[in-house]
Amino acid sequence: MVTQLDQGNIVLPGTYLSTIEEFMPGDGTYDKQGLVYAGVVGRTFYDMINRKVNVIGFKKNYMQTLKKAKSLIGVITSVDEDMAQVYIIAADETRFLRPFSGVLHSSQVSQKRLEQITLAVRIGDIIRARPLSAAVPLPLTIKGKEFGVLVAHCSQCGGIMKKIDDEHVKCSRCGQVENRKLSNFTMVKKHGS
Amino acid sequence: MLTLQVQKPKLILEDGRRTDGRRPDEMRPIKMEVGILKNANGSAIVEMGKTKVLTAVYGPREMHPRHLALPDRAVMRVRYHMTPFSTDDRKNPSLSRREIEISKVIREALEAAVLAETFPRTTIDVFSEVLQADAGTRLVALMSASLAVADAGIPMRDLIAGVAVGKADGTLVLDLNEEEDMWGEADMPIAMMPSLSQVTLLQLNGNFTPEEFRAAIQLASKGIEELYKLQKETLTSKYSAYKEVN
């Protein structure tokens, strides 16, 4: 029987939680022969409404971070006719020790149809994207105002591109004008610029 | 040239104690710590007498090369390695035949515990470095690996605790030391998932009678219970400081 005292207990992998008839196995748990055990180090959370037992881990692993991620930061490593490969280096507040790979399809750039993906992103661009699922390689989308290119480099000379309007950027060194799907997300600090 | 005539020493002394003064069913002093490396997702160090093993866990992360990834679960990669300064003579730092085999044995023991199905198409990398070797390194490595995996927030069925039992001068002894390992009649490392009472690693060097074998398992499980308690204490004491999680 689960009592009020069991709620919020610190449990370790292998700790018995309940029978499967009492509570279904939720996050951070597993069942074995009709019994539910904790799978991670964390605190118990008995969900009385859904009759589910969860263990909320103290430490999140990368796959949990990716599943919950609202935005990702990545670098474009290569572009195809309709696809771009992305190296994802961070998710929300987490910086990965090693990048995950992601793919961006031209249909996921905007509501409008795009002939070529190079009209939205190019190699070396740093983008802010949203994951469509947590399966590696992560399918990405940059639909939406806050998603898109954060930093762009000139494909002619490699100089930093500056924004002219919502869809165009201009090279600060050679003056080349290119198309980009820009993000309105700027990394402005509290007192900085 | 000086030649040393090395003879088998007396392993059980007159008072029934062992060469290092322990009783036959006594383990060496143990120390454990988790979360000691900043750059790893999980880490642990375990000391058992003079044996010290440091383990770092990375992942779950993307598998490279990608064709080695499995569609239904994470791939475990384990490296057991002895540092050149871990033994009396310098140890060649390249992986020896023995280290490759122990890596495999530890990997298989860990695979039984880790819920790898949770992370398809990824890999979990485990690196165990033996800092100081003095018998029983594979089990100390396995214990530190299981603690490090738990520290990384990777779901697992249970923690793994393990200890060796052996026979020295006809007596069953728990947690062999270097001499008993070398001169004893049997050496049997056992690792278990105590909450589920399942054995994940069992090897046997030498020979036991069926009765001795049963007694050896009994003796080992007694030691494992003790180690498991310590592992749990190590993890809870680290995390009880954590107030709330998002």
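**Notebook: chains A and B**

I began with one pair across the two chains: Asp151(B) forms a salt bridge with Lys59(A), and the closest N and O atoms are 3.5 Å apart. I count a salt bridge when a side-chain nitrogen of Lys or Arg lies within 4 Å of a carboxyl oxygen of Asp or Glu. Between chain B and chain A the count is one salt bridge.

Before going on, I noted that this is a predicted model, in which local features need pLDDT of at least 70 and side-chain atom pairs count only at pLDDT 80 or more, while totals for chains, interfaces and linings use all residues. Residues are numbered from 1 along each chain as its sequence is written, chains are lettered from A and ligands numbered from 1 in the order in which they are written, and side-chain values use heavy atoms, with hydrogens and water left out.

**Confidence**

I looked up pLDDT, the predictor's confidence in each residue from 0 to 100, and found a mean of 94 for chain B, with 96% of its residues at 70 or more. The model scores ipTM 0.90 and pTM 0.91.

**Where the chains touch**

I then asked how many residues of chain B are in contact with chain A.

**Ser43(B)**

Next I turned to Ser43(B), which lies in strand β2 (residues 42-48) of chain B; strands (E, at least two residues) and helices (H or I, at least four) are DSSP runs, numbered from the N terminus. Ser43(B) is buried, with a relative accessible area of 0%; buried means under 20%, exposed over 50% and partly exposed in between (1.4 Å probe, protein chains only). Leaving out residues up to four places away in sequence, Ser43(B) touches several residues, among them Ala148(B) and Asp151(B).

**Other salt bridges**

Over all chains, a search of the whole structure finds 29 salt bridges. In one of them, the side chains of Asp125(A) and Arg180(A) meet at 2.7 Å, N to O, linking distant parts of the chain, 55 residues apart. Both Asp125(A) and Arg180(A) are buried. In chain B, Lys91(B) and Glu99(B) meet in a salt bridge at 2.8 Å, N to O, and both Lys91(B) and Glu99(B) are buried.

Note on methods:
Contact = heavy atoms within 4.5 Å.
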